[in-house]
Amino acid sequence: MTHPIQKTDAEWQAVLREKGAEPVAFQVTRHAATERPFTGKYETHWADGSYHCICCGSKLFDSDTKFDAGCGWPSFSQAIPGAITEIVDRSHGMVRTETVCAQCGAHLGHVFEDGPAPTGLRYCMNSASLDFESDKG
Ligand SMILES: [Zn+2]
């Protein structure tokens, strides 16, 4: 799969370093690792604003779609339209739907169909893949 924004691993590492991303951010976003539950900085973060891709800055979620799923990762019921690409993931003996940034292909997490109404979706994301921007600026 190709995405509009393409960089080498070394270039992404430099971008993440510059942004002060979490140490696991490179492994999570470029190699589909998963941060340990209840360790991410946005898991219990409820400020008003928006969440962007840590790699390319593309807006992914509004804070008003974030909810407490109790699973240990930041969870959202709805993504910004067109911001996320879904991929069938058959790793670890499960069939899941992986979510990646539509712009740069960064691994974000998975989406499950056990979320709240009206979407019924639960975007289970890695904090390390996200960059929060406050409405207050
Ligand atoms: Zn991105």
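**An open antiparallel sheet**

Six strands build an open sheet in the order β3-β4-β8-β7-β6-β5, with antiparallel pairing. The edges are held by β3 (66–67) and β5, each with a single partner strand, so one side of each is left without a neighbour in the sheet. The model is predicted.

Two strand pairs within the sheet illustrate the pairing. Strand β5 (residues 84–89) runs antiparallel to strand β6 (residues 96–101), and six bridges join them. In this pair, Ile84 faces Cys101 of β6. Six residues lie between the two strands of the hairpin. One of its residues, His92, adopts a positive phi near 60 degrees. Strand β7 (residues 107–112) is likewise antiparallel to strand β8 (residues 122–125), here over four bridges. Phe112 stands opposite Arg122 in β8.

The protein chain as a whole contains two helices and nine strands. Along the sequence, the elements follow the pattern α-α-β-β-β-β-β-β-β-β-β.

Overall dimensions were computed from the C-alpha trace. The trace spans about 40 × 40 × 30 Å along its principal axes. A compact globule of 137 residues would have a radius of gyration near 14 Å; the protein chain has 14 Å, and therefore agrees with that expectation. Of the 137 residues, 37% are buried. Among contacts with a separation of 6 or more, 56% link residues 24 or more positions apart.

Notes
Residues numbered from 1 in each chain as written. Predicted model: local features only at pLDDT ≥ 70, side-chain atom pairs only at ≥ 80, totals over all residues. Pairing = 2+ DSSP bridges. Rg over C-alpha atoms; globule rule 2.2 N^0.38 Å. Buried ≥ 20, exposed ≤ 12 C-beta atoms within 10 Å, placed from the backbone. Contact = placed C-beta atoms within 7 Å.
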